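Dear colleague,

I am passing on the structure below, together with my notes on what was found in it. Please read them with the model open beside you.

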Amino acid sequence: MTSNDSEIRALLDSRVDACQTKDIDRLMSLYASDIVYYDVVPPLRFMGLDEVRSNFLRWFDEYEGPIDLETHELNIAMSEDIASVHMLHLDSGTRKGSLPQGSVWLRSTVCCRRSSGKWVIMHEHISLPVGWAEASV
């Protein structure tokens, strides 16, 4: 494992931990100011820190407590200053109201760049492998 590989893994671990604990400020510190984020909810594309922050706050608010987010099949391809990562996440927790309960598999692609010696997420894409009902376990 290279130093860059370790740094990317640490960035992704921090991302998961911040999501699990709903620590929005820590989470947003991991993203580039020009982040482009694709999600499974409208408007599907979120650009810049303000839009991405609002989308994460919406997602956090869907849960009664912490979010359980397990990473599986992590794959990292990188050069000196660019990294492309894809993985599966198992997302679970107690959802509020009439939202579907149970675990959901999500695909995640994250592109990172090193800027001023720090790795940041510049692009993220979340998708469901199948429809919501079929993805629940």
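In which strand is the place of Asp91? Asp91 lies in strand β4, where helices (H or I, at least four residues) and strands (E, at least two) are DSSP runs numbered from the N terminus. Before going further, please note that this is a predicted model, in which local features need pLDDT of at least 70 and side-chain atom pairs count only at pLDDT 80 or more, while totals for chains, interfaces and linings use all residues. Residues are numbered from 1 along each chain as its sequence is written, and side-chain values use heavy atoms, with hydrogens and water left out.

To stay with Asp91 for a moment, this residue counts as buried because its relative accessibility is 3%; buried means under 20% relative accessible area, exposed over 50%, and partly exposed in between, with a 1.4 Å probe and protein chains only. The side chain of Asp91 is joined to that of Tyr63 by a polar contact of 2.5 Å, and to the side chain of Arg95 by another of 3.3 Å. A polar contact here is a pair of N or O atoms within 3.5 Å; within protein, one must be able to donate a hydrogen and the other to accept it, and residues adjacent in sequence count only if both atoms are side-chain atoms. Leaving aside residues up to four places away in sequence, Asp91 touches a set of residues that includes Trp59, Tyr63, Ile67, Val104 and Leu106, a contact being heavy atoms within 4.5 Å. Asp91 and Glu70 are separated by 21 residues in sequence, and their C-alpha atoms are 6.7 Å apart in space.

As for the overall architecture, the protein has 4 helices and 6 strands, which follow the pattern α-α-β-β-α-β-β-β-β-α along the sequence. The radius of gyration is 15 Å, close to the 14 Å that the globule rule gives for 137 residues, so the protein is as compact as a globular protein of that length; the radius is taken over C-alpha atoms, and the rule is 2.2 Å times the number of residues to the power 0.38. The C-alpha trace spans about 45 × 30 × 25 Å along its principal axes, and 39% of the 137 residues count as buried. Among contacts between residues at least 6 apart in sequence, 53% join residues at least 24 apart.

The strands form an open sheet of 6 strands in the order β2-β1-β6-β5-β4-β3, with mixed pairing, and two strands are taken to pair if DSSP finds at least two bridges between them. The edge strands are β2 and β3, each of which pairs on one side only, and the twist averages 20° from one strand to the next. Angles run from 0 to 180 degrees between N-to-C directions, and axes are lines fitted to C-alpha atoms, for helices over the stretch in contact. Within the sheet, β4 and β5 pair in the antiparallel sense over 10 bridges, and Met87 stands opposite Ser108 in β5. Helix α1 packs on the sheet, where it touches β1, β3, β4, β5 and β6, and its direction makes about 155° with that of β3. Helix α3 also packs on the sheet, touching β1, β2, β3 and β4, with its direction at about 55° to that of β1.

The largest nonpolar core has 32 residues, and those with the most contacts inside it are Leu27, Tyr31 and Phe56; such a core is a set of buried Ala, Val, Leu, Ile, Met, Phe, Trp, Tyr and Cys residues joined through side-chain atoms within 4.5 Å. Among the elements that each supply at least two residues of this core are α1 (3–21), α3 (48–61) and β5 (104–115), and α1 gives the most, with 6 residues. Not counting residues up to four places away in sequence, Leu27 touches Arg15, Ala18, Cys19, Phe56 and Phe60.

Some backbone details also deserve a look. A cis peptide bond, with omega about 10°, joins Pro42 and Pro43, and Pro43 sits in the loop between β1 and β2 (45–47). Lys22, in the loop between α1 and α2, has a positive phi of about 60° although it is not a glycine, and at 25% relative accessibility Lys22 counts as partly exposed. Glu73, in strand β3, likewise has a positive phi, near 55°, in a residue other than glycine, and Glu73 is exposed, with a relative accessible area of 64%.

With best regards
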